[in-house]
Amino acid sequence: MTTELCTATNGHLSTRPPTPDCLHSSVNACLAPVCSLHLSAVTTVEGIGSVARKLHPVQERIARAHGSQCGFCTPGMVMSMYALLRTHPLSRHEPPRGRLP
């Protein structure tokens, strides 16, 4: 996962083609050279859900808990959590302690 402070252009990166051992991570688009994304799938916060379609559970929980910071920070936090959950699926009873950067 990224360790940069700015998350305004954070996205989710998956290796392609998607396989059971597919790697998932968050990526800072400002710092990732385009050539490094070859054979990868990049998903932005708009790609995981929207109010016009259906919100992703991470987006929904942040909205319901009034957890937004600003229009720049929140999408990055959503994408970091999305990448975390794709990499380490949780059961309903397992907290994600120690896994966020």
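I started with the layout: the chain has 3 helices and 3 strands, arranged along the sequence as β-β-β-α-α-α. I took helices (H or I, at least four residues) and strands (E, at least two) as DSSP runs, numbered from the N terminus.

A note on sources: this is a predicted model, where local features need pLDDT of at least 70, side-chain atom pairs count only at pLDDT 80 or more, and totals for chains, interfaces and linings use all residues. Residues are numbered from 1 along each chain as its sequence is written, and side-chain values use heavy atoms, with hydrogens and water left out.

Next I checked burial. Of the 101 residues, 29% count as buried (under 20% relative accessible area, 1.4 Å probe, protein chains only).

Then I asked which residues make up the largest nonpolar core. I found Val45, Ile48, Val58, Ile62, Val78, Met79 and Tyr82. Such a core is a set of buried Ala, Val, Leu, Ile, Met, Phe, Trp, Tyr and Cys residues joined through side-chain atoms within 4.5 Å. At least two of the core residues come from each of α1 (45-48), α2 (57-64) and α3 (73-87), and α3 gives the most, with 3.

I looked at Ile48 too: beyond four places away in sequence, its contacts (heavy atoms within 4.5 Å) include Arg53, His56, Val78 and Tyr82.

Last, the helix pair. In α2, Val58, Gln59 and Ile62 meet Thr74, Val78, Met81 and Leu85 of α3.

Note on methods:
Buried means under 20% relative accessible area, exposed over 50%, partly exposed in between (1.4 Å probe, protein chains only).
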